[in-house]
Amino acid sequence: MRAELPLHAPGTQLDRGYIGQSTPRANAQRLLQGRGAYVDDLRFPRLAHVAFLRSPYAHARIKKLDFAKAAKQKGVIAVFDGPTVAEYCTPWVAVLSHLKGIKSPPQHAIAVGRACWQGEAVAAVVAESRTQAEDAAQLIEAQWEELPVVTDMEAALRGDVVIHEDLKDNVCFSRSLDTGGVDDAFAKADVVVEETYHFGRHTGVCLEGRSILADYNAAEHSLTVYHSTQAPHMMQDIFARHLNIPEANVRVICKDVGGSFGIKVHVYPDEMATAAISVILRRPVKFAADRLESFLSDIHAREHRVKVRLAARKTGEILAFDLDDLTAIGPYSVYPRTSGIEGNQVVNLTGGPYKHQQYRAKMNVVFTNKNVTCQYRAVGHPIAVALTEAIVDRAAQELKMDPAEFRRKNLIPDDAYPYTFPSGLKFEKLSHHAALDLLLKKMEYPALRAEQSRLRKDGIYRGIGLAAMIEVTNPSPAFYGVGGARISAQDGATLRLEPSGMVTVMCSVTEQGQGTEGIFAQIAASAVGVTVDKVKVITGDTGITPYGGGTWASRGAGIGGEAVLLAGRALRANILDLAARILSLDKGELDILNNEVVNRLTLESKLPLSEVGRVGYFRPDTLPMDFQSELTVTRHYTPRQYGFTFTNGIQASYVELDPDTGMVKLLKHWCVEDAGTIINPLLVDEQIRGGVVQGIGAALFEECVYGPDGQLLNGNMADYLVPMAGEMPDIFCFHLETPTKQSQLGAKGVGEAGTAGAPGAVMNAINDALAPLGARVTAMPFTPERILSALKKV
Amino acid sequence: MERDLEITLTVNGSEVTRRVAARVHLVDFLREELGLTGSHVGCEHGVCGACTVRVDGDIVRGCLMLAVQANGRKVETIEGLTDSRELAALQKAFYERNALQCGFCTPGMLMAAQDLVRKGGKASREEIRAHISGNYCRCTGYQAIVDAIEKVMNER
Amino acid sequence: MKAPAFAYAKPRSLAEALELLERHGEGARILAGGQSLVPTLNMRLSSPELLVDINGLDELRGIALSGGTLRIGALTTHSQVERSAEVRKHLPLLAEAVPHIAHVAIRNRGTIGGSLSLADPAAEYPACALALSAVMTLKGKAGERKVKAEQFFKALFETELKPGEVLTAVEFPVRQAADRSHFQELTRRHGDYAIVGLAAHRNAEGLRLAYFGAGATPVLARQAAAKRTLEEAKAALEKDLEPPADLYHSAATKMHLAKVLLERAWNAISK
């Protein structure tokens, strides 16, 4: 079902414009020519560079820091410790009131008194060049008193050693949920399956490291920050409050951002320190994290141990899920979104696509002396989907039922909406069955099963894995705002008709390559009636755009796009007001098409927009006395009806496993996704593909490996394995469109869908391949070691 | 035996003379000294490929070559190969196929792709994947890049 | 990660290079391709006083056939080896191995001399040198000497090269008609260092099984190579190899994978 977009006045002959077209992105051209402007590319007079001394220990008291030698080195401007920077930058505590009981100690920009993870910054060296800063940092004399280290999550939960004595235990956040009737469901079930899954901690590895250039102007008491971030307004608020600079005097600008994926939506102490240092030194200061420090200090994510039980009838009906999730974060909850959200999502989303009514969950988030963790693309979904889909496959296996058929018996029917899920989530309208049907058809499921059977006789082990999913997109203030976070769930767009007839769009959602600016141009062009080449989009500047939330939780198209649409329609109306006056015609007879004011019914051209602009801006003397044209319009949008706009999808992975080497070859991958109205299918497909490959990384390759003393053992690109082109499959993408009725555009979100479902699909495929060999794997990433171990070959 | 040396090299067709510390690697020299910020730094240990440039016609990791080693050599970067239009077909194919998102890997990816394209002939998708297997992209998942390169190679 | 400061010299003759190496002793490092050295400098894992750039020494270049030997100069890049018709014809094992070395951009700069001198236990060339009974030419101020591959690799990153010596060339006996070779390495991703690899070569003198990623140096599995059946060879392999665990694979897994490679090489070479 395709969205009915009322872009134009009823009864007109005009179509959806650019909505649904695979228009290439204008802003890709500069990136293709090496003319992008990432933070590290920017040049400023008197720019100083900062390098940090980072704790070599996972937990240690800082006894002494002697800067004498370092301060004398060539090019060094200053050396700072935690207490000094704390005079300029106040600490923060990452808790939110809607996460009941969440606790975390205060965190400073530079550690004060104690380092709590290996890699935590304990001093900053500022110099004329990064190289000089690094030379000097090596000469800082530090004395440490090592403290006991907590790395194991079960030990952290037990609290043998408590990291923050004031907090009494290592529990950051706990949550329980019980619909009631769970024990009864398990008692009366014909089949109970139980399994424990481990998910390896991993990280985003954005190719552009975190970067920030802060420029404090003492004469104005103003701070301009060029920041590789996803949420410039959020950062504006945080810089203002923690550095004590009036909010309107803080401007955060995002030029080109080299990948983000959630890694760059958080507050990093070293970045806050950089801004504080600019204030102290009254000159521009830049920090660009190099790759080694990125591994040590970019947020990690997804370290979970989850026990799950599923109760089912022998007819295949799922009766209940019972979940116990333990997740290890770093020593601090990360600001301002908290590190409790990922676990919270696992509780919310487990079992998501299915129609069981009974559900019980228990979840603990514990502090450890490893790097901090927080929201990373698809937050919690990869875990919830993988564990759900794996235990569902186990149940299907137990019942000797085909996994697709088992799902068919349990997916929420397509006509059951609106629907409230056992964890309390409300679904507006999903299309699980249509998605399953489409997937099975496109992947030629029966033929694949036949091929799998045939090849098994030749000793070739192929596996097919499915993963059905729901996904949180377009969140309302229910995500963060209700908890007290100054994170905006609304966004705004200003559209301005230029005198020449072009349209400038300024929108508060940001771009990191997903194509935000491209789709805004398409929406604006469609809404106003201009061709897309006449639209210029500006994002990522708190001094220019309306106030808004930026990019996270797959909200750009649905929320920012809606604001652009509303503003575009309003601008169209205002242009027609003016055109009507110029032409002395009734506004109702007019419309705009291809940069011209036209007769609404005959489409005969009446006036080019450039003429409208000329008169409106330069010759208002020719207009009626009581008329003032308004050729700049701003509109905002907040999703209100549903706390989260859920999408649904289903993925499949086809693999070949070598039982001798334990290596997995990815043959093919499919994704059927329903994200409502699709504005640009090309960009949506590519978002899905990129997300799938990130999920594959988690399933097969990526893990931050820590030693027992809290040392990160593989923090470089040679040892930490990211997916590269040679091992990735082609990914086939298909779409359904169930628009949301909360907006005129009807767009839901899609940026994270690939990552949410891929690990589960790959896990199920591997286990499907291993099934005839009597083996099963449950700990990601599925390395040859783990597979050979499951096969009892080692 | 010095720590700073004077070097003369050709960069994108122009002769350039500079004094540079021995320890500065080529991509930092290009970016900081010459303002050619199109080549990017992603890891500084030769794995990610973001710094890929051409020296005497061969693609190299700009982070693994010292600037002083480029003395007397011919260096070409994304800026030069754009201006000369050598990359035009690939850039067009990448643009149309959306074979880039954040753009950070793109200059290095184009240099690697062009190295394959200019060998002539056709290549299978496996061969294309193998050739770009040293260039990390986090955004695209690689398929669109493979499609774009395949198109350029097949349409000649 | 910016490298620490060091001095740099580019000698114009081998004699000049050897002079510099003697004068600076441990404080000097040789810079050839730099593909292994420069990352360690960027990561501040090493801090030499002086880099001696030997890329100006043309006498260290070239691939030349002479009688039954193919002589490859130490400064020959991996790409040059990859493109060489003579290597393809006379040393098929080497030709098979080269595309596994990292990626094109690395192969354009990395050199065979650098790879052999570094002797990374997971690298391809040292194992190939062992499998093919290569002979290294070492030059120092005192003169030139030849060292067989079997004596060249001594311990982890340690070779027979004495301070002040430079590896100038490596010589391989060329293939005879009846020779068989098989190269395989197991990696998670294209171009990675091997988890375990096997360069196998059979000639008139017998079978040589050179493992890499299975010890502190490349290892010849002599006992396995002497067996007549595959099953016996696999059993014997447990006496030949004591592979250390790495970050992701236990010692038992490495041993298991070594046996898998043995089986594949054995079957391929037996055809």
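**Figure 1. Chain C against chain B.** Chain C and chain B bury about 2500 Å² between them, with carbon and sulfur atoms giving 58% of that area. Three residues lead on the chain C side: C:Phe6, C:Tyr8 and C:Arg109 supply 22% of the area that chain C buries here, more than any other three residues. The structure shown is a predicted model. Chain C brings 32 residues to the contact, and chain B brings 27 residues.

**Figure 2. Polar links between chain C and chain B.** Two salt bridges join chain C and chain B. Eight residue pairs are in polar contact across this interface, both partners at pLDDT 80 or more. Several elements of chain C take part.

**Figure 3. The salt bridge of C:Lys2 and B:Asp28.** C:Lys2 pairs with B:Asp28 in a salt bridge, and their closest N and O atoms are 2.7 Å apart. C:Lys2 sits in the segment before β1 of chain C, while B:Asp28 sits in helix α1 of chain B, so the pair joins two chains. C:Lys2 has a relative accessible area of 14%, so this residue counts as buried. B:Asp28 has a relative accessible area of 10% and is buried as well.

**Figure 4. Helix α1 of chain C.** The buried residues of α1(C) are C:Leu14, C:Ala17, C:Leu18, C:Leu20, C:Leu21 and C:His24. Seen down the axis of α1(C), these buried residues fall within an arc of 160 degrees, so they line one face of the helix. They pack against five strands of chain C: β1, β2 (28-31), β3, β6 (135-140) and β10 (166-173). The face turned away from the buried side carries two exposed residues, C:Ala15 and C:Arg23. Just after the helix, C:Gly25 takes a positive phi of about 50 degrees.

**Figure 5. Chain B against chain A.** About 4100 Å² is buried between chain B and chain A, and carbon and sulfur atoms give 55% of this area. On the chain B side, B:Tyr95, B:Tyr136 and B:Arg138 lose the most area to chain A, together 20% of what that side buries. The contact takes 46 residues from chain B and 51 residues from chain A.

Figure 6. Eight salt bridges connect chain B and chain A. One of the pairs is B:Arg97 with A:Glu686, whose side chains meet at 2.9 Å, N to O. Six helices of chain B each supply at least two residues to the side that touches chain A: α1 (26-33), α2 (78-83), α3 (88-97), α4 (106-117), α5 (125-131) and α6 (143-154). Among them, α3(B) gives the most, with five residues. By class, this side of chain B has 19 nonpolar, 17 polar and 10 charged residues.

**Figure 7. A salt bridge from chain A to chain C.** Over all chains, the whole structure has 93 salt bridges. In one of them, the side chains of A:Asp660 and C:Arg264 meet at 4.0 Å, N to O. This pair crosses between chains. A:Asp660 lies in the loop between β28 (645-658) and β29 (663-674) of chain A, and C:Arg264 lies in helix α12 (residues 251-270) of chain C. A:Asp660 is partly exposed, at 35% relative accessibility. C:Arg264 is partly exposed too, at 26%.

Figure 8. C:Arg145 and C:Glu165 join their side chains in a salt bridge of 2.6 Å, N to O. C:Arg145 lies in strand β7 (residues 143-148) and C:Glu165 in the loop between β9 (158-159) and β10, so the pair ties together parts that are 20 residues apart in sequence. C:Arg145 is partly exposed, at 27% relative accessibility. C:Glu165 counts as buried, at 12%. Elsewhere, salt bridges that share partners build one network, with members including A:Arg54, A:Arg130, A:Glu134, A:Asp135, B:Arg23 and C:Arg44.

Technical notes
Residues numbered from 1 in each chain as written. Chains lettered and ligands numbered in written order. Predicted model: local features only at pLDDT ≥ 70, side-chain atom pairs only at ≥ 80, totals over all residues. Heavy atoms only, no water. Contact = heavy atoms within 4.5 Å. Buried area = accessible area lost by both parts, 1.4 Å probe. Polar contact = N/O pair within 3.5 Å; in protein donor to acceptor, adjacent residues only side chain to side chain. Buried < 20%, exposed > 50% of the residue type's maximum accessible area, 1.4 Å probe, protein only. Helix = DSSP H or I, 4+ residues; strand = E, 2+ residues; numbered from the N terminus. Arc of directions from axis to C-beta. Nonpolar A, V, L, I, M, F, W, Y, C, P; charged D, E, K, R; others polar.
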